[in-house]
Amino acid sequence: ILAVVPGNVDLQTSEIIQMAREWDAHLKRTVVVITKPDLIEKGTEQSLIKQAEALNVPYHIVRCRGQQERDKYSPTEMRKLENCFFLDNKVWSFVTPSQLGVETLQSRLSDLLSLKIKEALP
């Protein structure tokens, strides 16, 4: 289950996490993707990280493009801006780099899919 949650809500009580628990009670088959880290109130980023870790599931944080950025930047340029966002904001240095950004999320999901396919094959 790919549970996508905006970073400016309480993860523990978010509706999508509750829905994921209905199908995956212990969240063993769930990956949480946290979006909109740029909209999180300054000073509360550590709280978000602690909430994500408290879920005890794999999580990933991405900063997606807004409409104005879609019109202004190519996907490649936006990936660079996303990387700069995480590098320039020291609070994100507490998160493993492989858990930040769209590019690493793509790799992570691809690896997970490959693993699940291998597990299912005889």
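How do the residues of the lining of the largest pocket divide into nonpolar, polar and charged? The close-up views below take up this question and a few others, using a predicted model.

**View 1. What lines the largest pocket.** Here is the answer to our opening question: the lining divides into 6 nonpolar, 5 polar and 2 charged residues. In total, 13 residues line the largest pocket. To find your way to its centre, look for Asn 83, Phe 86, Leu 87, Pro 97 and Leu 100, which lie nearest to it. The space inside the largest pocket comes to about 220 Å³.

**View 2. The helices beside the largest pocket.** The largest share, 3 residues, is supplied by helix 4.

**View 3. The second largest pocket.** This pocket holds about 170 Å³ of space. Walk around its lining and you will meet Ile 1, Lys 28, Arg 29, Thr 30, Val 31, Pro 58, Arg 108, Leu 112 and Lys 116. Sorted by type, the lining has 4 nonpolar residues, 1 polar residue and 4 charged residues. Which helix gives the largest share of this lining? It is helix 5, with 3 residues.

**View 4. A cavity in the structure.** Now for a space of another kind: the structure holds 1 cavity of 30 Å³ or more. The volume of the largest cavity is about 40 Å³. Its lining is made up of Pro 37, Asp 38, Ile 40, Lys 42, Glu 45, Phe 85, Asn 89 and Trp 92. Among these lining residues, 4 are nonpolar, 1 is polar and 3 are charged.

View 5. Ile 117 belongs to helix 5, which runs over residues 102–120. Is Ile 117 buried, exposed or partly exposed? Ile 117 counts as partly exposed because its relative accessibility is 44%, and that label covers values between 20% and 50%.

Technical notes
Residues are numbered from 1 along each chain as its sequence is written. This is a predicted model: local features need pLDDT of at least 70, side-chain atom pairs count only at pLDDT 80 or more; totals for chains, interfaces and linings use all residues. Side-chain values use heavy atoms; hydrogens and water are left out. Helices (H or I, at least four residues) and strands (E, at least two) are DSSP runs, numbered from the N terminus. Buried means under 20% relative accessible area, exposed over 50%, partly exposed in between (1.4 Å probe, protein chains only). On a 1 Å grid over the protein atoms alone, a cavity is a set of points where a 1.4 Å probe fits but cannot get out, and a pocket is an open set with protein on both sides within 12 Å along at least five of seven lines; lining residues have an atom within 4 Å of a point. Grid points are joined across faces, edges and corners, and a volume is the space filled by probe spheres set on the points. Ala, Val, Leu, Ile, Met, Phe, Trp, Tyr, Cys and Pro count as nonpolar, Asp, Glu, Lys and Arg as charged, and the others, Gly among them, as polar.
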